[in-house]
Amino acid sequence: MIRLVSHIDAEELFKLVDENRAYLRRWLPWLDHNKTLDDTREFIKTSLRDYAEQGSMIHVVEDAGRVCGICGFDSINRTIKAGFIGYWISQQSQGKGLITMACGALETLGFDRLGLHKLEIHIAQENVSSRAVAERLNYQNTGTILDAEWLYDHYVNHVIYCKLNPEGAS
Ligand SMILES: CC(C)(COP(=O)(O)OP(=O)(O)OC[C@H]1O[C@@H](n2cnc3c(N)ncnc32)[C@H](O)[C@@H]1OP(=O)(O)O)[C@@H](O)C(=O)NCCC(=O)NCCS
């Protein structure tokens with residue numbers, strides 16, 4: 001299940017990041033900006049402030065009552081009613097369908113509750129596991145942006161996966 005991130009998640013979330021540092025670093029650019037518990041506290045504070053301003057919506061993913069990852073709308077563009085999805089899950093909790101399920105919940109939230117028109121997931125071209133999530137959920141591959149992200153010492157291309165609200169434009 002997913003629920004909105006909260007200040008009480010700081011310690012559990014930091015421990016999870018710390019235990020999964022090398023694994024997460026392969027595809028996520030922020031590991032060097034999250035080295036202490038205070039960095040995680042700051043991340044949660046910023047996430048909740050952005051949520052209050054309707055600019056993002058970050059959730060924790062839970063499995064059997066334990067936080068095992070993060071998913072959410074990293075940003076929301078209110079003008080074009082678009083939500084940009086991001087996620088990660090601990091190495092131990094991979095392979096159980098938790099992120100596919102979490103993205104399904106985000107889809108319901110985005111389309112039915114927030115009234116979004118479009119969801120996008122931007123994924124590094126070589127990130128096979130993440131592309132499998134988008135493809136399993138029938139997102140459309142709409143193209144590639146070259147050198148879209150700098151990952152510590154190299155650029156990666158992004159594949160842009162998109163899903164439009166089946167109810168049409170609103
Ligand atoms: C990308 C990432 C979230 C994918 O995690 P994942 O566990 O493979 O994704 P899901 O939770 O959707 O699980 C799918 C896997 O569970 C299996 N599975 C089991 N039950 C399932 C179910 N009910 N529904 C869907 N899949 C299920 C699938 O077969 C698949 O396994 P496979 O990879 O062996 O084929 C994870 O690898 C990760 O966090 N990587 C590091 C950070 C990252 O890359 N983030 C994304 C940046 S765009």
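Predicted model: local features only at pLDDT ≥ 70, side-chain atom pairs only at ≥ 80, totals over all residues.
I count two strands as paired if DSSP finds at least two bridges between them.

Entry on β5 and β7. I found that strand β5, residues 118-124, and strand β7, residues 155-164, pair in the antiparallel sense over 7 bridges. Within this pair I noted I123, which stands opposite V159 in β7.

Entry on the whole sheet. I traced an open sheet of 7 strands in the order β1-β2-β3-β4-β5-β7-β6, and its pairing is mixed. At the edges I found β1 (2-4) and β6 (140-150), each of which pairs on one side only. Neighbouring strands of this sheet are turned by 30° against each other on average, with direction ignored.

Entry on the hairpins. I followed strand β2 (residues 57-63) into strand β3 (residues 66-77) and saw that the two pair in the antiparallel sense over 7 bridges; here E62 has V67 of β3 as its bridge partner. This hairpin has 2 residues between the strands, and A64 takes a positive phi near 50°. From β3 I went on to strand β4 (residues 82-89), which runs antiparallel to β3 and is joined to it by 8 bridges, with G72 bridged to G86 in β4. The hairpin of β3 and β4 has 4 residues between the strands, and in it K81 takes a positive phi near 55°.

Entry on the helices. I looked up what lies across the sheet: helix α1 (residues 10-19) lies across β3 and β4 and runs at about 95° to β3, whereas helix α5 (residues 128-136) lies across β4, β5, β6 and β7 and runs at about 155° to β5.

Key. Residues numbered from 1 in each chain as written. Heavy atoms only, no water. Axes fitted to C-alpha atoms, helices over the stretch in contact; angles between N-to-C directions. Contact = heavy atoms within 4.5 Å.
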